[in-house]
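Trainee: Hi, could you walk me through this one? I'd like to ask a few quick things as we go.

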Amino acid sequence: MTELIIFGPPGSGKGTYSKELERLIGIKRISTGDIFRKEIEKNTKLGQAIKKYVESGALVPDDIVIKVVEKELKRIRKKNFILDGFPRTIEQAKALDKIVKIKGIILLRMDERILIKKLAGRRVCINCGKPYNVVSIDEVVGKVHYVLPAIKPKKRGICDVCGSKLIQRKDDKPSVIKKRLEVYKKQSRPVLRYYRKKGVTFINVTVNRDIETVTKRILSLLKRRMKIKV
Ligand SMILES: [Zn+2]
């Protein structure tokens, strides 16, 4: 059994890397953000309740999030999974503990200034959700050299996969980004401390290269530190 959480500030690539792990080693990705967006699109009761939080950059209340995750874990029968976007608060972490034991945390790290730049360049397909990035970064911060190439579509503003329009998510606008980073910093510290105390294995990865390189690093660490077959 592989019970993982992927953790990191908004824009560090939690979605990207958890999808890569799902594709390469077959662990089920559970993204609360994706579940929320689907509910909002379908305009369900849950979606309506969530919408106002998501669009302002605030966190969705614990009781709603916990219910959503519990339902999803039941649906996949608690098989190998990676949680993306959950738990974000200590209350959520404690509630999760009652459902399932977490074995490892992949902690993505990225300098804040780089994050803001990268998030501002993010675009997603309005139809299939495929992410792109129109900003290219080549910068040294502290001792870390960030080389993050842009991921542009072949035709400007159009998705390569399905031909639909690319948009900037409302929560990727600069004013909302700042708020999301603040919320992350405040909320993440106690959650990480909680898991450290519990002796959960931490896989720390600095996201300073392209997706393929960083994915390889994560896989080799999972293999070495957690004996996960990759
Ligand atoms: Zn598309």
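Trainee: Is Asn43 buried or exposed?

Mentor: Asn43 is exposed, with 10 other C-beta atoms within 10 Å. The cut-offs are 20 or more other C-beta atoms within 10 Å for buried, 12 or fewer for exposed, and partly exposed in between, with C-beta atoms placed from the backbone. Keep in mind that this is a predicted model: local features need pLDDT of at least 70 and side-chain atom pairs count only at pLDDT 80 or more, while totals for chains, interfaces and linings use all residues. Residues are numbered from 1 along each chain as its sequence is written.

Trainee: Where does Asn43 lie, and what is its phi?

Mentor: Asn43 lies in the loop between H2 and helix H3 (45-56). Helices (H or I, at least four residues) and strands (E, at least two) are DSSP runs, numbered from the N terminus. The phi of Asn43 is near 55°, a positive value in a residue other than glycine. Most residues other than glycine have a negative phi, and most peptide bonds are trans.

Trainee: Which peptide bond is cis?

Mentor: The one from Phe86 to Pro87, with omega near -5°. Pro87 is found in the loop between strand S3 (81-84) and H5.

Trainee: Switching to helices, which residues of H4 are buried?

Mentor: Those are Val65, Ile66 and Val69. Seen down the axis of H4, they fall within an arc of 95°, so they line one face of the helix; the arc is that of the directions from the helix axis to the C-beta atoms.

Trainee: And what is on the face turned away from that buried side?

Mentor: There H4 carries the exposed residues Asp63, Lys67, Lys71, Lys74 and Arg75.

Trainee: What do the buried residues of H4 pack against?

Mentor: They pack against strand S2 (28-31), helix H2 (32-41) and helix H5 (90-99). Contact here requires C-beta atoms, placed from the backbone, within 7 Å.

Trainee: How many residues are in the largest nonpolar core?

Mentor: It has 35 residues, and Ile106 is one of those with the most contacts inside it. Strand S1 (residues 3-7) gives the most to this core, with four residues. A nonpolar core is a set of buried Ala, Val, Leu, Ile, Met, Phe, Trp, Tyr and Cys residues joined through C-beta atoms within 7 Å.

Trainee: What does Ile106 touch?

Mentor: Not counting residues up to four places away in sequence, Ile106 touches Leu4, Ile6, Phe7, Ile203, Val205 and Ile218.

Conventions
Two residues are in contact if their C-beta atoms, placed from the backbone, lie within 7 Å.
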